[in-house]
Amino acid sequence: MNDRQRDYFRAKLLAWKDEILRESRITLQTLQEENVNHPDLADRASSETDRAIELRARDRQRKLISKIDAALQRIEDNTYGYCEETGEPISLKRLEARPIATLSVEAQERHEKREKVYRDE
């Protein structure tokens with residue numbers, strides 16, 4: 001991977017991280033503002049369900065931030081874009097679609113097949 005490509009993916013990852021953090025701040029602000037006690041049980045249940053879904057989504061994004069940080073570290077280490085399993089380059093097309101990828105398409109497919117085998121047993 002050349003310097004231009006590394007710079008491109010660094011910028012893409014940083015923009016993605018900034019967007020997640022911005023959305024998280026908005027969510028926290030909204031949850032604080034919506035701290036309303038609904039007199040109707042159905043309204044309260046609906047509000048609590050919406051809140052739980054939103055918090056679950058934010059938790060997934062929090063985990064995504066750590067993967068983005070790991071990808072940024074791999075860029076600094078010059079290991080970004082190489083499969084952790086085989087050491088082969090990960091295609092630019094895959095990195096464009098999933099910039100936090102650590103496995104090539106082939107290695108990912110093997111990994112998913114192994115997971116499926118263990119799940120089926």
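Modeller: Start with accessibility: a residue is buried under 20% relative accessible area, exposed over 50%, and partly exposed in between, using a 1.4 Å probe and protein chains only. This is a predicted model, in which local features need pLDDT of at least 70 and side-chain atom pairs count only at pLDDT 80 or more, while totals for chains, interfaces and linings use all residues. Residues are numbered from 1 along each chain as its sequence is written, and side-chain values use heavy atoms, with hydrogens and water left out.

Biologist: Is D3 buried or exposed?

Modeller: D3 counts as exposed because its relative accessibility is 52%. R6 has 17% and therefore counts as buried.

Biologist: Which residue forms a salt bridge with R6?

Modeller: A salt bridge is a side-chain nitrogen of Lys or Arg within 4 Å of a carboxyl oxygen of Asp or Glu. For R6 the partner is D3, and their closest N and O atoms are 2.4 Å apart. Helices in this model are DSSP runs of H or I with at least four residues, strands are runs of E with at least two, and both are numbered from the N terminus. R6 and D3 are three residues apart in helix α1, so about one helical turn separates them.

Biologist: How many salt bridges are there in the whole structure?

Modeller: The search finds ten. Another of them joins the side chains of R10 and E76, at 3.2 Å from N to O. This pair links distant parts of the chain, since R10 belongs to helix α1 and E76 to helix α2, 66 residues apart. R10 is partly exposed, with a relative accessible area of 24%.

Biologist: Which residue forms a salt bridge with R110?

Modeller: R110 pairs with E85, and the closest N and O atoms are 3.2 Å apart. Here too distant parts of the chain are linked: R110 lies in helix α4 (residues 105–120), E85 lies in the loop between α2 and α3 (92–97), and 25 residues separate them. R110 is partly exposed at 37% relative accessible area, and E85 is partly exposed at 39%. Elsewhere, salt bridges with shared partners join D7, R10 and E76 into one network.

Biologist: How is a nonpolar core read, and which residues touch the most other members?

Modeller: In soluble globular proteins, nonpolar side chains tend to be buried together. A nonpolar core is a set of buried Ala, Val, Leu, Ile, Met, Phe, Trp, Tyr and Cys residues joined through side-chain atoms within 4.5 Å. The largest one here has 17 residues, and L13, I68, I75, Y80, L95 and I100 touch the most other members. Helices α1 (3–33) and α2 (41–77) each supply at least two residues of this core. Its largest share, six residues, comes from α2.

Biologist: How many residues does α2 have, and how far does it reach?

Modeller: The expected span of a helix is 1.5 Å times one less than its number of residues. Helix α2 has 37 residues and reaches 54 Å from its first C-alpha to its last, close to the expected 54 Å. Its buried residues include R58, Q61, I68, R74 and I75.

Biologist: What does I68 touch?

Modeller: Contact means heavy atoms within 4.5 Å. Leaving out residues up to four places away in sequence, I68 touches L13, W16, K17, I20 and I100. K17 is placed in helix α1, and with the same exclusion K17 touches I65, I68 and D69. The side chains of K17 and D69 are also joined by a polar contact of 2.6 Å. Such a contact is a pair of N or O atoms within 3.5 Å; within protein, one must be able to donate a hydrogen and the other to accept it, and residues adjacent in sequence count only if both atoms are side-chain atoms.

Biologist: Which residue follows α2?

Modeller: That is N78. N78 has a positive phi of about 60° although it is not a glycine. N78 sits in the loop between α2 and α3 and counts as partly exposed at 48% relative accessibility.

Biologist: Where does R94 lie, and what is it in contact with?

Modeller: R94 lies in helix α3 and is buried, with a relative accessible area of 17%. Apart from neighbours within four places in sequence, R94 is in contact with A101, L103, S104, V105 and Q108.

Biologist: Which residues does the UniProt annotation "zinc finger region: dksA C4-type" cover?

Modeller: The unreviewed UniProt entry gives residues 83–107. UniProt positions follow the numbering used here, feature names are shortened, and annotations may be inferred rather than shown by experiment. In the model, the end C-alpha atoms of residues 83–107 lie 8 Å apart, and the span is 36% helix and 0% strand.
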